[in-house]
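Hi,

Here's the structure I said I'd pass on.

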Amino acid sequence: MKYEDLKILDELRSKGSISEEEYQREKERILNSEQYTASNQKPLWGIDENTFLLLMHLSQFVSWLIIPLIMWATNKDLNENVDKHGKNILNFSISYAIYFTISAFLIFVLIGVVTIFILSGIYLICIIIATIKAANGEYWKYPFTIDFIK
């Protein structure tokens with residue numbers, strides 16, 4: 001983002017749209033601006049934030065909780081959004097583990113089988129929705145989640 005803005009600024013100077021003084025002033029503003037040094041601009045494991053968050057949500061399909069936990073634990077102090085999404089994923093996984101356990105106990109009552117299928121569908125759909133939202137730079141709180149980690 002910073003480099004794109006500097007390139008545009010240089011093009012404006014080359015075309016004579018802005019003076020050298022205006023160019024230097026704007027260049028200094030861009031280089032010292034907080035929006036370019038915010039935590040969401042720092043690459044995480046060599047990838048941009050939205051992609052990292054997308055992978056963090058998607059990795060639940062591969063390892064349930066292990067990979068998202070590692071991704072969250074290694075970057076939670078570096079990036080506010082990683083911390084927020086990571087806690088959301090952990091709370092979601094723990095909550096649904098409890099729901100699945102309760103459903104397993106209810107299996108003897110026959111309602112448990114139906115409940116397990118319904119929970120499985122909700123679980124998969126929620127991961128897909130959260131992944132899409134994270135890819136678009138949005139935060140989406142998983143439904144029916146108990147906040148164990150705050």
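**What I found**

Helices α3 and α4 pack at an angle of about 150°, with their axes 6 Å apart. Axes here are lines fitted to C-alpha atoms, for helices over the stretch in contact, and angles run from 0 to 180 degrees between N-to-C directions. Helices are DSSP runs of H or I with at least four residues, strands are E runs of at least two, and both are numbered from the N terminus.

Before you go further: this is a predicted model, where local features need pLDDT of at least 70 and side-chain atom pairs count only at pLDDT 80 or more, while totals for chains, interfaces and linings use all residues. Residues are numbered from 1 along each chain as its sequence is written, and side-chain values use heavy atoms, leaving out hydrogens and water.

Back to that pair: F52, L55, M56, S59, Q60, V62 and S63 of α3 meet I66, I67, P68, M71, W72 and N75 of α4 (contact means heavy atoms within 4.5 Å). By class, this contact has 9 nonpolar, 4 polar and no charged residues. Ala, Val, Leu, Ile, Met, Phe, Trp, Tyr, Cys and Pro count as nonpolar, Asp, Glu, Lys and Arg as charged, and the others, Gly among them, as polar.

Now for α1 (residues 2–14) and α2 (residues 20–32): their axes come within 10 Å and cross at roughly 175°, so α1 is roughly antiparallel to α2. The residues in contact include L6, L9 and R13 of α1 and Y23, K27 and I30 of α2. This contact has 5 nonpolar, 1 polar and 7 charged residues.

Cheers

Note on methods. Parallel < 35°, antiparallel > 145°, perpendicular 65-115°, else oblique.
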